[in-house]
Amino acid sequence: MKSYRKFAAGLLLLTAALPVVASAHPPIAAEAAAANFEQDRADILAMAGNYRVSFNMQESTRWDPDYEVLEPKRSGGNEVVRVIEDTGRKIVLQHMLVITGDDDKSFVIKHWRQDWEYEPAKILAYSDRNTWAWEDVPERMRTGRWSQTVYQVDDSPRYAGWGQFETQGGIRRWRSSWTWRPLARRDAVRNPVYDRYLSINRHQPSPDGWVHWQDNIKMGTKDGKLVPIVQEYVLNTYIKYDQYDVKAADDYWTATKDYWAAVRSEWDRVAATKGGIAIDEKADTGTVISGRLLEIADEIQENKLTSAKAIAAAKKLIEANTRKL
């Protein structure tokens with residue numbers, strides 16, 4: 001099971017303070033925001049479903065002449081996406097990987113989560129090594145916009161941005177502000193010369209599903225200053241597909257959803273009371289408690305642990321391993 005956990009982490013998935021970066025888009029008029037609200041919601045909700053996913057990562061332009069560009073990386077898998085919360089102005093989507101082993105048994109790995117919030121006042125943004133802090137969304141830029149906060153496999157934060165839906169060339173998409181991100185596992189395990197990304201994130205519906213693509217500037221610190229090292233483009237394509245054990249993902253979620261709801265609530269409590277999230281991370285797993293939080297969920301499904309005891313253990317782990325900002 002641990003090898004599958006590492007596989008999932010690899011799909012996701014700092015010493016200088018990160019400067020705030022601006023949006024190129026102007027404010028949205030209230031009338032236009034109201035007219036587009038339901039279509040925005042429909043496009044977000046349409047990301048739920050059963051998919052075959054391809055993950056395509058390619059470094060391109062090197063900004064540092066001494067850097068050696070990596071070969072393109074390709075991977076894929078079967079992924080179930082479920083709506084686990086919808087209050088109208090907030091939509092939460094949970095991703096779960098379904099992996100079939102050599103013995104034809106299915107393994108479910110809780111993957112990333114994306115929270116969408118309409119006209120947010122603030123976001124929990126990546127701000128420094130092992131640190132996510134509250135960042136205000138400029139008041140004039142809130143109307144008609146949605147934030148997207150992406151969480152890691154243990155529901156700890158990864159990155160957040162805010163942006164708008166727009167139509168260009170006949171294609172409707174959501175485009176984020178420039179956002180700072182920690183290294184994905186695929187890069188963190190390499191101990192590279194860069195240590196964070198500056199990124200634009202896009203989500204767009206397609207006839208067969210949806211597309212998630214990223215424009216990442218990999219940044220490193222030289223002589224005390226952040227500098228660009230290499231450009232990376234990531235294209236993740238979700239194609240509707242259900243010829244795999246979808247039921248395994250739904251069974252996993254039925255068994256563990258109360259536990260994960262409590263875990264989400266505990267992270268929220270910590271972020272609210274400690275000024276954000278500060279927790280140590282490992283290159284190959286994410287947070288230092290990620291592996292144990294996932295194992296606890298497995299123990300619930302295997303009837304080795306009650307939800308009540310599991311929730312108590314998870315809360316203790318999160319509280320003990322987070323710090324005040």
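This note goes through the strands, aromatic pairs, charges over rings and salt bridges of a predicted model.

1. Basis. The model is predicted, so local features are reported at pLDDT of at least 70 and side-chain atom pairs at pLDDT 80 or more, while totals for chains, interfaces and linings use all residues. Residues are numbered from 1 along each chain as its sequence is written, and side-chain values use heavy atoms, with hydrogens and water left out.

2. The open sheet. Three strands make up an open sheet, ordered β5-β6-β14, with antiparallel pairing. Strands here are DSSP runs of E with at least two residues, helices are runs of H or I with at least four, and both are numbered from the N terminus. Two strands count as paired if DSSP finds at least two bridges between them. The edges are β5 (122-128) and β14 (276-278), each of which pairs on one side only. From one strand to the next the twist averages 30°. Strand β6 (residues 131-136) is joined to β14 by 3 bridges, and Trp-132 has Ile-277 in β14 as its bridge partner.

3. The helix across this sheet. Helix α4 (residues 246-273) lies across β5, β6 and β14 and runs at about 100° to β14. Contact means heavy atoms within 4.5 Å. Axes are lines fitted to C-alpha atoms, for helices over the stretch in contact, and angles between N-to-C directions run from 0 to 180 degrees.

4. Strand β9 and its neighbours. In strand β9 (residues 171-176), 5 of the 6 residues are buried, so the strand is largely enclosed by the rest of the structure. Buried means under 20% relative accessible area, exposed over 50%, and partly exposed in between, with a 1.4 Å probe and protein chains only. β9 pairs antiparallel with strand β8 (residues 157-168) over 6 bridges; Gln-164 has Arg-175 in β9 as its bridge partner. The two strands form a hairpin with 2 residues between them, and Gly-169 in the turn has a positive phi of about 60°. β9 also pairs with strand β11 (residues 196-206), again antiparallel, over 2 bridges. Trp-174 stands opposite His-203 in β11.

5. Aromatic pairs. The whole structure holds 12 aromatic pairs. Rings of Phe, Tyr and Trp (its six-membered ring) pair if their centres lie within 6.5 Å; planes under 30 degrees apart are stacked, over 60 edge-to-face, and the rest tilted. Phe-37 and Trp-146 are stacked, at 5.9 Å centre to centre with 10° between the planes. Phe-37 belongs to helix α2 (residues 30-45) and Trp-146 to strand β7 (residues 146-151), so this pair ties together parts 109 residues apart in sequence. Phe-37 and Trp-146 are buried, and together with Tyr-118 they form one aromatic cluster.

6. An edge-to-face pair. The ring centres of Tyr-51 and Tyr-238 are 5.7 Å apart with planes at 85°, so the pair is edge-to-face. Tyr-51 is in strand β1 (residues 49-62) and Tyr-238 in strand β13 (residues 225-240), 187 residues apart. Both tyrosines are buried.

7. Charges over rings. A charge sits over a ring if NZ of Lys or CZ of Arg is within 6 Å of the ring centre and within 35 degrees of the ring normal. Lys-110 lies over the face of Trp-260, 4.3 Å from the ring centre. Arg-181 has its charged end over the ring of Tyr-159, 3.7 Å from the centre.

8. Salt bridges. The whole structure contains 24 salt bridges, each a side-chain nitrogen of Lys or Arg within 4 Å of a carboxyl oxygen of Asp or Glu. One of them joins Asp-86 to Arg-41, with the closest N and O atoms 2.8 Å apart. It links strand β2 (residues 73-86), which holds Asp-86, to helix α2, which holds Arg-41, 45 residues apart. Asp-86 is partly exposed, with a relative accessible area of 35%, whereas Arg-41 counts as buried at 13%.

9. Further salt bridges. Asp-155 and Arg-113 meet in a salt bridge of 2.8 Å, N to O. Asp-155 is in the loop between β7 and β8 and Arg-113 in strand β4 (residues 106-118), 42 residues apart. Asp-155 is buried at 1% relative accessible area, and Arg-113 is buried at 3%. Arg-196 and Asp-195 form another, with closest N and O atoms 2.7 Å apart; both residues are buried. Salt bridges with shared partners also join Glu-59, Arg-186, Asp-187, Arg-190, Lys-218 and Glu-232 into one network.
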